[in-house]
Amino acid sequence: MAVCIAVIAKENYPLYIRSIPTENELKFHYMVHTSLDVVDEKISALGKALVDQRELYLGLLYPTEDHKVYGYVTNSKVKFVMVVDSSNTALRDNEIRSMFRKLHNSYTDVMCNPFYNPGDRIHSRAFDSTVTSMMTQVC
Amino acid sequence: MSRPAQRRPGYPKINKDLFVLTYGALVAQLCKDYEKDEDVNKYLDNMGYSIGTRLVEDFLARSCVRRCHSYSEITGIIAQVAFKMYLGITPRVTCNNSSRNEFSLILEKNPLVEFVEELPPGRSALCYCNLLCGIIRGALEMVHLDADVTFLQDRLKGDSVTEIGITFLKKPEEKKYRRKK
């Protein structure tokens, strides 16, 4: 259902980015890159409220002609960005939210791996398969 | 001494994730310090040995087990009481040979490897949980039993279960006579 999923570190460099291979990969990289500004804007706009409410899901960052970009920020300022096809109207806000939560859980497992150095690119097989399942799931 | 009296009836609990992460950090640091897997394994075993020689006192004080009369009884106690007490799991015990001095503890689930997906690249000979072997060896030595404890199978290396092999090297009777002299 998602066409591109990216994990961005606190310092705004990519830890993990994957998109469906059929389309131009660079386009998605641009899209994710652009979305980071919106993420920053949303975080600073929410300011303290974000910390208090513990609402990590940022909602729709911006729509383009054929895609929608959603964002999610962990408490440690790691960003998850997901691009979905806008023709896919069956995807509700709640589903996106639960997908992000699943992604966050999987990311936590990666971080807990003693052989993973925080800040490195993610090469975990389990994380890969979570992402794959999110990208292939038909809706 | 006043120590046992101070201890609360229930065992003090520590958060499992904290424990597992601490062990993971320990192994990861050893992997940084030593290039060869054998050295890491040896170091883990030595550390476990030091732990085991001390832990056995704690174990005997808490568990109130009786004297064991056979190797299989000893292995059973290790699996059903010691592992249960310290790791919260109960491994299966199997006996491999006819002279009944080689046993295997089969761990279906190993809490220590919960977060480890696979061994890091180039570290295929690493025994991640070698500390356990050292602990068992150290503890047995303190009750006058020489044993050889190694990993026979490891889930992290692609086996279906984790298997710790314990080989007792001498008969307990011989030891008993020696002490009487």
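This briefing walks through the aromatic pairs and the cysteines of the structure above. The model is predicted, so to speak of local features pLDDT must be at least 70 and for side-chain atom pairs 80 or more, while totals for chains, interfaces and linings use all residues. Residues are numbered from 1 along each chain as its sequence is written, chains are lettered from A in the order written, and side-chain values use heavy atoms, without hydrogens and water.

**Aromatic rings**
- Over all chains, the search finds eleven aromatic pairs (Phe, Tyr or six-membered Trp rings with centres within 6.5 Å; planes under 30 degrees apart are stacked, over 60 edge-to-face, the rest tilted).
- One of them joins A:Tyr57 and A:Phe100, with centres 5.8 Å apart and planes at 50°, so this pair is tilted.
- That pair links distant parts of chain A, strand β3 (residues 57-63) and helix α3 (residues 93-112), 43 residues apart (helices, H or I of at least four residues, and strands, E of at least two, are DSSP runs numbered from the N terminus).
- Both A:Tyr57 and A:Phe100 are buried (under 20% relative accessible area; exposed is over 50%, partly exposed in between, with a 1.4 Å probe and protein chains only).
- Ring pairs also gather A:Tyr57, A:Tyr72, A:Phe80, A:Phe100 and A:Tyr107 into a cluster.

**Cysteines**
- Which disulfides turn up over all chains? The search finds zero (a disulfide needs two cysteine sulfur atoms within 2.5 Å).
- B:Cys68 has its closest cysteine sulfur in B:Cys64, 13 Å away and too far for a bond; B:Cys68 is partly exposed at 26% relative accessibility.
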